[in-house]
Amino acid sequence: MAEDIKTKVIQAKRASIELSSVSTEIKNRALEAMAQALDRERKAILDANSKDLEYAVELKNKGKLTQALVDRLKVNDSKIDGMIAGIRDVIKLNDPVGNTLSTLEMDKDLILYQVSCPIGLIGVIFESRPDVVPQVMSLCLKSGNATIFKGGSEAKESNRTIFQILVKAIESTEGMPAGAFQLMETREEIMDLLSLDAYVDLLIPRGSNEFVKFIQDNTKIPVLGHTSGICHIYVDEYADLDIAWKVCFDAKVQYPAVCNAIETLLVNRKIADAFLPRMAEMYLGAGVELRCDPDTYALLENKGFSPLSKATEEDWSLEYNDLILSIKCVDTIKEAIDHINTFGSHHTDGIITEDASRRNEFTRLVDSSSVMVNASTRFADGYRYGKGAEVGISTNKIHSRGPVGMEGLLIYKYILLGKGQIVADYSGENAKPYTHRKLDLKFEDVK
């Protein structure tokens, strides 16, 4: 292991202790300094990104990078505006550190407080999107977590430039510790980082299915994330077709290169003839390749639609991240739910229906971190969910699930305030009883 990598990690780990106790006022000042610095340094960011884009196009032409990753890499003024808006939204959020989650009287003058606190040192490993850096850094800063960033080589210039701009703004803010945020840039450093479980408390990988699975399989550090975004919409027989056409189009076409875009459209057979022709016309007009099951293929071919492709069994398990959509007709809502729970990634799935009982059955039984009713799956996003930004989307079933904002970067500690009590007094024949009474007290109010 390169010694400077371990040195960086140890420095960040030490800084995480200091960062955990920085006041809300100082953290918000640092965040505003980050926002202003991004606005001021737009040219440097765009120049760096143009170099990355040139390199990325070369990689794409050699078959080493997909168009979806090239699209995610691009930064323009609008994206910088989004970065700035995201940081300022985080400023508006309440500081989650030090909140009293519960208070219990164990006995008179023996009070147990459960208090929120940062996780500590978080490693964020991501592909392409340079806007991950300000998103995650702002959330980690506000929640008091030090962070190690490792981006993909295809975004090296953008990541470095944005990182340096933000860290300079943070460390120039009086009261902020130095070294809490670190950047790693080489592939070899990933393996080194994955081995440092003595220092790194959580890893958040953001990228392809294969990339996230590689991280999960090669570290002892807890991993928060999702391996893929195989999302579905089921158009029920009781769907409002105007809603269905609009929502299904948005869920695939609005931005196909992201994990919350749908990859499979399930259609109830009773509504297929009324729904599919116009839907296919909209999709084909937008350049979407349609991979159809036999019934869908026959229906659309008979209506004169082309080009069409025949779906294979493999298609139901693919995350395209592109203008490709698999379509399947189903007989019942139960068949749709079974298909989603079998082939989906438990990320985001939706139903189009006007029937309340169908809606309730779908939302109860679909095992996904977000379930949409008559709305696009593209809403599954930390910013849209009011979290300011997101560190990632989790399909885990412990700690955090769905779009993860600051709440996913916090754990808690127990603080027990007593007056000389000892366990011996509460044990044996004449043991004192515990009162175990819930109290409406906050630790921050203790004098």
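## Terms and model

A polar contact here is a pair of N or O atoms within 3.5 Å; within protein, one atom must be able to donate a hydrogen and the other to accept it, and residues adjacent in sequence count only if both atoms are side-chain atoms. By this criterion, 1 residue pair is in polar contact between domain 1 and domain 2, with both residues at pLDDT 80 or more. The model is predicted.

## Domain layout

The protein chain is divided into two parts: domain 1 spans 3–215 and domain 2 spans 230–385. Taken over C-alpha atoms, their centres are separated by 34 Å. Domain 1 brings 5 residues to the contact and domain 2 brings 6 residues.

## The contact between the domains

The size of an interface is often given as the accessible area lost when the parts come together. For domain 1 and domain 2 the buried area is about 500 Å², and carbon and sulfur atoms give 47% of it. On the domain 1 side, 64% of the area buried against domain 2 is supplied by Ala-68, Arg-72 and Asp-89, more than by any other three residues.

Which elements give two or more residues to the side of domain 1 that touches domain 2? They are helix 4 (67–73) and helix 5 (77–92). Helix 4 gives the most, with 3 residues. By class, this side of domain 1 has 4 charged residues, 1 nonpolar and no polar. Even so, the count of salt bridges between domain 1 and domain 2 is 0.

An open sheet of 7 strands has the order 10-9-11-8-7-12-13, with parallel pairing. Its edge strands, each pairing on one side only, are strand 10 (309–310) and strand 13 (370–373).

Within this sheet, strand 9 (residues 289–292) runs parallel to strand 11 (residues 324–330), and 4 bridges join the two. Glu-289 stands opposite Ile-324 in strand 11.

How many bridges join strand 2 to strand 16? There are 8 bridges between strand 2 (residues 110–118) and strand 16, which run antiparallel. Cys-117 has Ile-411 in strand 16 as its bridge partner.

How values were computed. Residues numbered from 1 in each chain as written. Predicted model: local features only at pLDDT ≥ 70, side-chain atom pairs only at ≥ 80, totals over all residues. Heavy atoms only, no water. Pairing = 2+ DSSP bridges. Domains from an automatic or database assignment. Contact = heavy atoms within 4.5 Å. Buried area = accessible area lost by both parts, 1.4 Å probe. Salt bridge = Lys/Arg side-chain N within 4 Å of Asp/Glu carboxyl O. Nonpolar A, V, L, I, M, F, W, Y, C, P; charged D, E, K, R; others polar.
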